[in-house]
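Please consult the sequence and the structure shown below.

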Amino acid sequence: MSCLPFIVSDIVKPQVTCPPSRTISVKDVSSSEEVDTVLESDIIKSDIVGITDVIINPTTLTVSGSNLGSHIVTIIVRDAASNSAVCNFDVAVKIDPCSPLALTTPLHGSKVCNEVAGGYSCTLTCESGYVFYQYPTTNLSMQCRMGNPWNPEAVPACVPGKGCSCLCPRQGLTSVNERQCVCK
């Protein structure tokens, strides 16, 4: 009796599960950080014989104000028989709601921001000959706390009008009404 040699081929693909998509927030224009897109320990993978390669593309991502948007990360796992499996997930880079980047500069105006304890404070200023719509002034201060939106949330428009620098004796600042200062 003779024995014939036989070869068993592995044709079963490995299994891979990507981590969930995630969002990373950018706090200001000057911040830039290189981060790992995923740790290999966060990838769920298995194979009947064993995983030989894990390819992550890209392995790192620059988190900055100039790299906002969605970034797809691809993971490929291979076994010893060159069978492979692929999964993808998204790393979104967005502006933190309490960031000078999230606060628009008004048309016909400027914005100057400073970091304060736990957030930011910005002063908006209308150009000469303009005032803030719904506000009786050419300067407006806005604040926020990290992770929270600006207060007030919307940047008012700078509109042509007379600057109301006068004060009413009891009511406080004046309001703009048909391009005139009127006491509230």
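A disulfide is a pair of cysteine sulfur atoms within 2.5 Å.

| Disulfide | S to S distance | S-S torsion and hand |
|---|---|---|
| C98 to C144 | 1.9 Å | about 75°, right-handed |
| C113 to C122 | 1.9 Å | about 110°, right-handed |
| C126 to C158 | 2.1 Å | about -85°, left-handed |

This is a predicted model, in which local features need pLDDT of at least 70, side-chain atom pairs count only at pLDDT 80 or more, and totals for chains, interfaces and linings use all residues. Residues are numbered from 1 along each chain as its sequence is written, and side-chain values use heavy atoms, with hydrogens and water left out.

Buried means under 20% relative accessible area, exposed over 50%, and partly exposed in between (1.4 Å probe, protein chains only). C98 and C144 are both buried. C113 is partly exposed at 25%, whereas C122 is buried at 0%. C126 is buried at 6%, and C158 is buried with a relative accessible area of 6%.

One salt bridge (a side-chain nitrogen of Lys or Arg within 4 Å of a carboxyl oxygen of Asp or Glu) is found in the whole structure. K45 and E40 form this contact, N to O 3.9 Å. K45 is partly exposed at 29%, and E40 is partly exposed at 42%.

The chain has a mean pLDDT (the predictor's confidence in each residue, from 0 to 100) of 84, and 85% of its residues reach 70 or more. Over residues 163-180, pLDDT is below 50. Where pLDDT is low, the predicted coordinates should not be read in detail.

Terms used: Contact = heavy atoms within 4.5 Å.
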